[in-house]
Amino acid sequence: MKKRIIAALLAAMVFTTSAVVSFAENENGVSQEAGSLPEDVTTGTQEKEKEDAVDVDADIEEELSSFIPEAMEEIKIAAADELIDLADKCKNDTWSANKKVVLTENISLVGKNFAGIPSFGGVFDGQGHTISEVNIKSGQSYVGFFTHIQKNAVVMNLNISGSIMPTGDTTI
């Protein structure tokens, strides 16, 4: 019974007591709630928080810049034989890491033995051009114009038309 009376008194006190808020005017003539600090005044805790704050964007920029080489070698491709040569060099998965490949013409692969680009890690800018008559038939299950595009690679503005037919088994 005593507990109920105490609880009722506490509840009555909470609901009947009004909050008192006082305001003061600072030197600039702007009113401010009592107990709060002006914007240009900080506490020691706030200063410590600012010191410990981490700029996430700066960390991301640093990480990304570590992956981007200082100077990228630019390779211009205008013919099917140049594209096939590029694909042959890309068998080594680190070869294209600091390369920017720029397609300067539309390319037709009619009658060419093109098996795709095995691994690409640079920037491939098709500049809106089309590589047509792509005809890749492989006994592998993982095949494509780009078989593997590495984590930091960029392929943009490229149109490809043709057919790619993997015929391999997906089990390893």
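A: **A parallel sheet and its surroundings**

Strand β4 (residues 99–103) is joined to strand β7 (residues 123–125) by 3 bridges, and the two strands run parallel. Within this pair, V102 faces D125 of β7. Strands here are DSSP runs of E with at least two residues; helices are runs of H or I with at least four, and both are numbered from the N terminus. Two strands count as paired if DSSP finds at least two bridges between them.

A word on the model. It is predicted, so local features need pLDDT of at least 70 and side-chain atom pairs count only at pLDDT 80 or more, while totals for chains, interfaces and linings use all residues. Residues are numbered from 1 along each chain as its sequence is written, and side-chain values use heavy atoms, with hydrogens and water left out.

Now widen the view. The pair β4 and β7 belongs to an open sheet of 4 strands. Its order is β3-β4-β7-β10, with parallel pairing. Strands β3 (73–77) and β10 (154–156) form the edges, and each of them pairs on one side only. From one strand to the next, the twist averages 15°. Helix α4 (residues 80–89) packs on this sheet and touches β3, β4 and β7. Contact means heavy atoms within 4.5 Å. The direction of α4 makes about 140° with that of β3. Such angles run from 0 to 180 degrees between N-to-C directions; axes are lines fitted to C-alpha atoms, for helices over the stretch in contact.

A salt bridge needs a side-chain nitrogen of Lys or Arg within 4 Å of a carboxyl oxygen of Asp or Glu. Buried means under 20% relative accessible area, exposed means over 50%, and partly exposed lies in between (1.4 Å probe, protein chains only).

Helix α4 has charged partners too. D81 and K112 meet in a salt bridge, at 3.1 Å from N to O. D81 lies in α4 and K112 in the loop between β5 (107–108) and β6 (117–120), so this pair ties together parts that are 31 residues apart in sequence. K112 is partly exposed, with 36% relative accessibility. Further along, D88 and K91 form another salt bridge, at 3.2 Å from N to O. D88 is partly exposed at 44%; K91 is exposed at 61%. The count for the model is 5 salt bridges.

Most residues other than glycine have a negative phi. Q127 is not a glycine, yet its phi is positive, about 50°. Q127 sits in the loop between β7 and β8 (130–138). Its relative accessible area is 44%, so Q127 is partly exposed. N157 also has a positive phi, near 55°. N157 belongs to the loop between β10 and β11 (159–166). With a relative accessible area of 46%, N157 is partly exposed.

β5 and β8 run parallel and are joined by 2 bridges. Here I107 stands opposite I131 of β8.

Finally, the whole chain. Its secondary structure comes to 4 helices and 11 strands. Of its 172 residues, 22% are buried. Among contacts between residues at least 6 apart in sequence, 72% join residues at least 24 apart. The accessible surface is about 12700 Å², and 53% of it belongs to carbon and sulfur atoms. Areas come from the Shrake-Rupley method with a 1.4 Å probe; for residues, only the protein chains shown count as cover.
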